Protein chains: 2
Amino acid sequence: MRVVVYGAGQLAQMMYLAGSPLGIEVQAVDVNNDSVVHPVSKTPLDTTLAQALESADALTVEFEHVPERLLDEAAKTGKLMPDIASILVGADRVREKKLLDSMQVPNCEHRIVTHPDQLADCVDALGDKLILKASRDGYDGYGQWRLTDKADLPKLTQAMSQLNLAEVPLVVEKMMAFDRELSLIGVRNKQGDIRTYPLAENLHHQGQLHVSVAPATQVDDELQRKAHDIFVKLAEGMDYVGVLAVELFQCGDTLLVNELAPRVHNSGHWTQSGAVTSQFENHLRAVCGLPLGDTSAIGPSAMVNIIGCSSFSRELLSIDGSHLHWYGKSVREKRKMGHINVTAKSYVELGEKLEQLGQFLPLSFFPKLVDEAQRLKA
Amino acid sequence: MRVVVYGAGQLAQMMYLAGSPLGIEVQAVDVNNDSVVHPVSKTPLDTTLAQALESADALTVEFEHVPERLLDEAAKTGKLMPDIASILVGADRVREKKLLDSMQVPNCEHRIVTHPDQLADCVDALGDKLILKASRDGYDGYGQWRLTDKADLPKLTQAMSQLNLAEVPLVVEKMMAFDRELSLIGVRNKQGDIRTYPLAENLHHQGQLHVSVAPATQVDDELQRKAHDIFVKLAEGMDYVGVLAVELFQCGDTLLVNELAPRVHNSGHWTQSGAVTSQFENHLRAVCGLPLGDTSAIGPSAMVNIIGCSSFSRELLSIDGSHLHWYGKSVREKRKMGHINVTAKSYVELGEKLEQLGQFLPLSFFPKLVDEAQRLKA
């Protein structure tokens, strides 16, 4: 079988590595030049995009910002999974919010803003602690702003008037006092079978995921069930095929959906060592119409992102249960270079191992590691 | 880092897949034409063998019958691991027996035969239940014969006189009434660190491995320790670097070494799902001078070889904890086409899963599966 992935980054690479044992050949599309490349070496393959689409059994994406002309072309083959509507939900916060609301899936209270003057209405409706998010990110990273004091409203309104909000609206959300950020990775195959992984707890810093712990601590059956039910509602409602990541805010017993990612997701990388079947294998199983693999956790595990640095001691591999995943990219500030998965028999042991890990890493690039190690050890 | 593997079969392929996350690029040498190929696709890479050897950090083998001119060339670089002497031990039963005897490692009672007339002496010394093994296999499979009745000695002597025993001697072994066949996979890195996996129990049929169960049932600490000590003696005595497989006969409390394989080994494929670190990753860590990974078993697991057949239901993936490893080769009688790893929480559950597995497979190609499932369930 053959699967073509739009995007030639680390997610396509890890799909290739997961597919190969199953006899699934994964090819990657470099969307910058429409070439078909080997997902690991990135060398061009001896095939045109049209030929690759023709010979593929399934087409999928590793990121949601695939140019729409490519998505349209892919959709026409009838082999694109998830479908184009699902991918666009991940690429456009307005679509996302409309979907969540239409399915009555709990999410943060919000307004859609297409003109700067509407910001004042938002303050009236949602209060003066707001997050403003551009509905579409593009490739250049975040377009996010915060209002924490009503006095700053004129200045913010002025700033927003520089943007073309009619073209790219804002989603304005009430800032939530949530307890923590969780994510649920789930998968639905062509046959409609669904399986979800245990919830992961995610630690962010400056908008980037740094550490995931899975299964998240202090999750009872009830909370896991709630997350599972949200996933089922979304995946069935969207007629979704593949892995879908659901980012959640936990507020007491309540789960609010923060964001959807219609693809394998960084907060699911722990499944490579920590679950019976990885998210990458399950995504491929799903789009190829194969039975889904067991999503159970093997034990407590953590995923630590390596961001913006390439210089660290490979002696970290001396920690039992540590596995390095290196993406082979040139280093840039804030760039995800790789990740380290760590498995353990208990959360305390996991904390001890993360503490050891810190001794092999330049800690300024790992701002969440030491505190999380201490928390788990306690 | 880059590792060049002599041999472009499934073992090189699985090394590639294990190396990629670590940032280790594995290239394979097709020893039939000295070309350097991609270990998965088998397409030629844009490099000569000489260039590949020059740019490699380590050279290793996926089988012991690499032409000696290639091994000599590899050894000259100083990067070949394990070294040439260790590889030749795996390729030549006379060398193997001499090594085992010189290190006082228990093995089957035997004689080296270089002339047919010596067979009569063997009967006098070892009895009339004998296995005769050509010291070198070559690519054409086994050269093995049996004597089970003294009356057949003249006929056997006559048959052996057709061979050039002076060139390729026989190792003649006393047929052992062993309880079962076990194997120990272990690894030693450049620094001299050693780790061994739990013993696996191996079920053969007509000279081919069909099923491994790991950790083997009914292994106490004492037996595991004995196997570990044998490994340490061998690996240190040979100054071995990489994964070394030790095939053993268990006779009561005694372990006899049957055979050594100086490489990753089929009886270690269970480590892909069943152990914290796979044999493939550990082999690469070893030859690259990285710290070794945890060799602990995660739980009971089995490896089922797919031999000589390519037609079976992919629905076998519906069994929780089942993972298919397909080598992508054209089907031939007796050819290893792939394997299935199955993990479980208990041996009883493992037996149940193997029983389910049987329902998806053409059982005539899996002669050991059903009985082993029943044994584990009991």
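Let me start with a helix in chain B. Helix α5 (residues 93–102) of chain B lies across β5, β6, β7 and β8 of chain B, and runs at about 50° to β8(B). Helices here are DSSP runs of H or I with at least four residues, strands are runs of E with at least two, and both are numbered from the N terminus. Axes are lines fitted to C-alpha atoms, for helices over the stretch in contact, and angles run from 0 to 180 degrees between N-to-C directions. Contact means heavy atoms within 4.5 Å.

Some ground rules. This is a predicted model, where local features need pLDDT of at least 70, side-chain atom pairs count only at pLDDT 80 or more, and totals for chains, interfaces and linings use all residues. Residues are numbered from 1 along each chain as its sequence is written, chains are lettered from A and ligands numbered from 1 in the order in which they are written, and side-chain values use heavy atoms, with hydrogens and water left out.

Now the sheet under those helices. In chain B, four strands form an open sheet in the order β5-β8-β6-β7, with antiparallel pairing. Two strands pair if DSSP finds at least two bridges between them. The edge strands are β5 (110–113) and β7 (144–147) of chain B, each pairing on one side only. From one strand to the next, the twist averages 20°. Look at the pair β6 (residues 130–134) and β8 (residues 170–174) of chain B: five bridges, antiparallel. Leu132(B) stands opposite Val172(B) in β8(B).

Over to chain A. An open sheet of four strands has the order β5-β8-β6-β7 in chain A, and the pairing is antiparallel. Its edge strands are β5 (110–113) and β7 (144–147) of chain A, each with pairing on one side only. The twist averages 20° between one strand and the next. Here I'll pick β6 (residues 130–134) of chain A, which pairs with β7(A) in the antiparallel sense over four bridges. Ile131(A) stands opposite Arg146(A) in β7(A). Helix α6 (residues 118–126) of chain A packs on the sheet and touches β5, β6, β7 and β8 of chain A, at about 175° to the direction of β5(A). Helix α7 (residues 153–160) of chain A lies across β6, β7 and β8 of chain A, at about 160° to β7(A).

How do the chains relate? Chain B can be laid on chain A with an RMSD of 0.0 Å, by a turn of 180° and a shift of 0.0 Å along the axis. That is the relation of a two-fold axis. The copies are superposed by least squares on the C-alpha atoms of residues with pLDDT of at least 70 in both. Of the residues of chain B, Leu17(B) comes closest to the rotation axis, at 2.9 Å (C-alpha). And 100% of the interface residues of chain B are also interface residues in chain A, so the copies meet through the same surface.

Next, aromatics. Rings of Phe, Tyr and Trp (its six-membered ring) pair if their centres lie within 6.5 Å; planes under 30 degrees apart are stacked, over 60 edge-to-face, the rest tilted. The count is six aromatic pairs over all chains. One of them joins Phe178(A) and Phe249(A): stacked, 4.0 Å centre to centre, 5° between the planes. Phe178(A) is in the loop between β8 (170–174) and β9 (180–188) of chain A, Phe249(A) in strand β13 (residues 242–251) of chain A, 71 residues apart. Phe249(A) is buried, at 8%. Buried means under 20%, exposed over 50%, partly exposed in between (1.4 Å probe, protein chains only).

Stay with β13(A). β13(A) and β14(A) pair in the antiparallel sense over seven bridges. They form a hairpin with two residues between them, and Gly252(A) in the turn has a positive phi of about 65°. Val246(A) has Leu260(A) in β14(A) as its bridge partner. Strand β14 (residues 254–261) of chain A is mostly covered, with six of its eight residues buried.

Last, cysteines. A disulfide is a pair of cysteine sulfur atoms within 2.5 Å. For Cys122(A), the nearest cysteine sulfur, that of Cys108(A), is 14 Å away. Cys122(A) is buried, at 2% relative accessibility.
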